[in-house]
Amino acid sequence: MADDEHEVVERQVGKGFEARFDLDDAFSDGEDADYNLEFSSAAIKKHLAENPSWAGHNDREDDGETENSSARDHDTSMSTFCLDGSSNSYSESRSSSSSPPPPTAEEQPDEQEVPQDFSDITLSEEPSTNGHSTSHGDTQEGDASPLRDTSPPWDTSYPAVHIDASRSPPSRVMMSAGAERNGKDHQEDEAANPVSNASSSYLPAPGHDIPPLPSSPSSPLPQTLTTPTIISQRRQTYSAGPSAFQRVMSQTRPHFLPPKNRQEDQKHMADWQAMMKQSRAAEEKRRKALQERRLARELKVEQFMYKWEKEILPDWRVVHKNPNLRRLWWNGIPTKLRASMWQQAVGNALALSNGRHMHIFLSAVAFIVFQDNYRSCLSRATRALSSGSFPAETLQAVEQDILSTLPALHIFHPETGPLYQDLRDMLCAWVVSRADEGLGYVHGTAKIAGMILLNMKPQQGFIVMRNLLERHCMRSLYGSVAAKDDVEAYYRIFDTLLADCMPKIYFNFKQHQISPGAYLPDWLIPLFLDHLPFEACARLWDVLLLEGDSFLFRAALAVLAVLEPRLFFPDRQELLDLLRGENKAALEVAKREGRLLDSAKYDIYGVDEETLWERIDSMEDWWKESTWRRLTQRELPDL
Amino acid sequence: MSKQFQFKLVLLGESAVGKSSLVLRFVKDQFDDYRESTIGAAFLTQTVTLEDQTTVKFEIWDTAGQERYKSLAPMYYRNANCAVVVYDITQAASLEKAKTWIRELQRQADPSIVIALCGNKLDLSARRQVTEEEASKYADEEGLLWSETSAKTGEGVNAIFNAIAKKLPLTAPPSARGARVAAPGTTRQSVDLNKQPTVQGSEACNC
């Protein structure tokens, strides 16, 4: 019976108390000594006598959302009744038994019972709920009797409480934190932090990050108006719905910890605000520093323009021989030269005609004379579109992909984007060109095409795109199921590199069964455009087109390195969310700071160009081209 | 039979000088006191009819975030026939920024590009920081069109676009222009295949 009641009580009272209840019992032995010193039941009784409004406190706690006095009365009666009943019954059983304390707190020396009592007080509001709505002090004695039989034995020293509880509502309303804190809060503290002693229990719980005020004495605090805060806080735990307390509720402390007085709360609030201000300032400073670095680098790129024009432009392959020029290339191609440099670096292994002269193109079937590969593909696509033979689902996939292509730039927007039509044309032409090989559309192609279109015209761009996607790693990722083995091989290569470069991340990923397949294709298929800021991508592309597939992996490792502090979640789903760029906390922060959410997915983690390149550069010594060759030879012997 | 030409016009200038407002006034004859700043690019078209019944259709690329997206520059400048660089007459610094854009255009864009320098917010001339003399002198030196406008009152807005239309080379056949309609479903015009990014010697830094 007793146990049953407790269960009910606990449920009614709220989750916050369940833990306390157990803890209280579990630690009761250890605690007792401390309690005895400063917080005996006798002492409490004294305090209660001094602060009669204590009981009113309880009432406030119990009365849930109701604000009118009659409701309060009714609640009062309930709590008084409960207190009374439990304490009385306890007194009886106390005398008879002295067994070790079971979960329901059978047995403890008087003085040590106090904490128990208090927790029980809060818990025991349940049995009386409706029956005693109007009753006060004395009447409850009678009502309590049935309870007395059933309720577990509790401290004899307690009965004084109910007298206090029956005081008039006004006094209860004025009730202050003081007495209550001595009682309940103390208990909560003790329960939650069994090691703390009585005096420290007034302070914020140990380990709490808010600096404690000078320690308060164990005697009751002066009655102040801090109560509303406290009461509201506690009522929060009891009542189901939202309430006006949130306005006065402490925001600097979790609700399950004991409340603090107003001055303390205000101080902490001020501290918190100051800290937030500082952190914003620091963030601002960091952004400025990055911005400066970026501007300085861009300036440098501009300043070396003459070098580009004199030494690289005539024959770009010189960068493979001259480390200085290669370094220059790694710093980013000047935007003006980007189109031609990309075109040259990607080359035209497919020997696709760009329309400048007639060209014989070897297709899988026969020799076909193309005037211009792009135009011929496009005209075939246009014909297919107008005749309705262009697969509808492919067209839908293309449109879908375009919608998510650099949306922040608004350049490819179907209605207002100036390059929308070009992009759509190019993708349709690409679909046609791939149909020859029996391959379909791949989600993510629109990003590649979009990036290329930003830098060059469709004719040129189409050839760059086709050749770029013909590189082995890209081809595998864009390939059909036939390329699955190759893709797996690339994942293994990446895993090996990851294990060597960032063993801790590797280990955590392994533990939670996150293979490169869970994130790598998302990054590589759109060549990072989905996840990284646009400018960072442009520079990544510069190097990517020069260095080939190995740089894909270096860049991917660098992305992980930038995310590293966030990658130690011990939870698979959380890790996957994070890698998808959907970490809830980070999204919240980004929203709060009003950052745009339609740009790159990893913007919310503050992954920016400079940090990323810092990582890539810091891998310079670690990276061995020979390792890469060895790995590819091992995993892809046919290459 | 009247001739029709189509040109790509890019709009540049520091943020909050009124680029979008200027275009809005020109295209829709509207003004919005509390316009939000443009994100990314906006794209509008407007046709101007000259005295000789020639119609000039402007494809207006209203840019934003140029500072943030340096890599977009090639796209903005590619095939741009004309540029309107806007500054705010109440902000001396915005003219300096405008000069930067002009240097950038001269370096990166087609050499035949027509550039107009436009001092906006003429309605706030009481708070003027940039004198007419200063700006017009600079425009003369650089060979730019120059005028002051108020997107709010509409003063001078149509005039500057008309001036640009007149200055554009209207002799070449429209098909030779790189600019074309981007609205979905429109027929494509043939595209200039001979145009390679022009390489000019320029060691000067752009700031």
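In the predicted model, the buried residues of helix α18 of chain A are covered by elements that include α17 (373–387), α19 and α20 (445–455) of chain A. Helix α18 itself spans residues 392–403 of chain A. Its 12 residues reach 17 Å from the first C-alpha to the last, close to the 16 Å expected at 1.5 Å a residue. The buried residues of α18(A) are A:T394, A:L395, A:V398, A:D401 and A:I402. These residues lie on the same side of α18(A), because they cover an arc of only 125° around the axis. The exposed residues A:A392, A:E393 and A:Q396 are carried by the face of α18(A) turned away from its buried side.

Over all chains, a search of the whole structure finds 25 aromatic pairs. One of these is formed by A:W430 and A:Y478, whose ring centres are 6.0 Å apart; the planes stand at 85°, so the pair is edge-to-face. A:W430 belongs to helix α19 (residues 420–435) of chain A and A:Y478 to helix α22 (residues 472–478) of chain A, and the pair therefore ties together parts that are 48 residues apart in sequence. Both A:W430 and A:Y478 are buried.

In chain B, B:F26 and B:F58 form an edge-to-face aromatic pair, with 6.2 Å from centre to centre and 65° between the planes. B:F26 is located in helix α1 (residues 19–28) of chain B, whereas B:F58 is located in strand β3 (residues 55–62) of chain B; the pair therefore ties together parts that are 32 residues apart in sequence. B:F26 has a relative accessibility of 6% and so counts as buried, the cut-off being under 20%. B:F58, with a relative accessible area of 0%, is likewise buried.

A single aromatic cluster is formed by A:Y490, A:F494, A:F509, A:Y519, A:W523, A:F553, A:Y602, A:Y605, A:W622, A:W623 and A:W628.

Charged side chains placed over aromatic rings occur in chain A and in chain B. In chain A, A:R539 lies over the face of A:W613, at a distance of 3.9 Å from the ring centre. In chain B, B:K99 is positioned over the face of B:Y138, at 4.8 Å from the ring centre.

How values were computed: Residues numbered from 1 in each chain as written. Chains lettered and ligands numbered in written order. Predicted model: local features only at pLDDT ≥ 70, side-chain atom pairs only at ≥ 80, totals over all residues. Heavy atoms only, no water. Phe/Tyr/Trp six-rings, centres within 6.5 Å; stacked < 30°, edge-to-face > 60°. Helix = DSSP H or I, 4+ residues; strand = E, 2+ residues; numbered from the N terminus. Buried < 20%, exposed > 50% of the residue type's maximum accessible area, 1.4 Å probe, protein only. Lys NZ or Arg CZ within 6 Å of the ring centre and 35° of its normal. Expected span 1.5 Å × (residues − 1). Arc of directions from axis to C-beta. Contact = heavy atoms within 4.5 Å.
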